[in-house]
Amino acid sequence: MVSKSYNELRDISHQLMPKALAKSGLESAVQELISNIDPDQLSITFDSSGLQARLPEEIESVIFRVIQESVNNVVKHAHARNINIQVVKDEDGVSVTIEDDCVGFDTKKLTKPGMGLKNIISRVQVHNGTVEIDSHPGKGTLVAFHFAA
């Protein structure tokens with residue numbers, strides 16, 4: 001029964017994968033996401049290294065969805081002007097940082113994260129990744145996560 005549920009969930013997740021991600025990979029999908037944001041509203045820089053070979057499909061999907069959720073959070077709530085996104089794959093694994101110059105928030109007072117932050121944390125942790133969210137009022141926000149090799 002567990003195996004059947006896992007297979008059904010896997011099928012659903014494959015159907016939810018953006019076409020650009022499935023067809024061209026993580027870099028192209030992130031570039032497409034960025035191209036849909038008005039640069040007068042939000043300036044986004046994206047740097048990547050080590051992504052010559054495709055990552056496992058599930059990891060690419062998680063990385064893309066967390067970047068997407070982070071950008072959406074900034075657009076909806078943060079009043080930022082700039083976001084820097086970096087994806088690095090090396091012998092230790094894959095590391096992603098998303099940093100903005102938003103209004104920030106006090107993470108010590110964050111006893112009940114909103115759905116966006118909950119989604120970010122659970123997406124990363126379900127694939128045995130680690131996640132850190134660092135923010136301070138008036139100092140912006142950093143979302144960093146890592147999947148070990």
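Which residues does G25 touch, not counting residues up to four places away in sequence? I looked this up first. G25 touches A20, R54 and E60; a contact means heavy atoms within 4.5 Å.

**Ground rules.** I am working on a predicted model, where local features need pLDDT of at least 70, side-chain atom pairs count only at pLDDT 80 or more, and totals for chains, interfaces and linings use all residues. Residues are numbered from 1 along each chain as its sequence is written, and side-chain values use heavy atoms, with hydrogens and water left out.

**More on G25.** I placed G25 in the loop between α2 (19-24) and α3. Helices (H or I, at least four residues) and strands (E, at least two) are DSSP runs, numbered from the N terminus. Is G25 buried or exposed? G25 is buried, because its relative accessible area is 2%. Buried means under 20% relative accessible area, exposed over 50%, and partly exposed in between, with a 1.4 Å probe and protein chains only. I also checked G25 against S61: they are 36 residues apart in sequence and 9.5 Å apart in space, C-alpha to C-alpha.

**P39.** I found P39 in the loop between α3 (26-35) and β1 (43-49). P39 is exposed, with a relative accessible area of 61%. From P39 to R81 I noted 42 residues in sequence and 9.2 Å in space, C-alpha to C-alpha.

**The whole chain.** I listed five helices and five strands. Along the sequence they follow the pattern α-α-α-β-α-β-β-α-β-β. Of the 149 residues, 37% are buried. Among contacts with a separation of 6 or more, 68% join residues 24 or more positions apart.

**The sheet.** In what order do the five strands lie? I read β1-β2-β3-β5-β4, an open sheet with mixed pairing. The edge strands, β1 and β4 (130-136), each pair on one side only. Two strands pair if DSSP finds at least two bridges between them. On average, neighbouring strands of this sheet are turned by 10 degrees against each other, direction ignored. Strands β3 (residues 93-100) and β5 (residues 140-148) pair in the antiparallel sense over eight bridges. I picked out V96, whose bridge partner in β5 is F145.

**Helices on the sheet.** α3 packs on the sheet and touches β1 and β2 (82-90). The direction of α3 makes about 175 degrees with that of β1. Axes are lines fitted to C-alpha atoms, for helices over the stretch in contact, and angles run from 0 to 180 degrees between N-to-C directions. Helix α4 (residues 57-78) lies across β1, β2, β3 and β5. I noted that α4 runs at about 5 degrees to β3.
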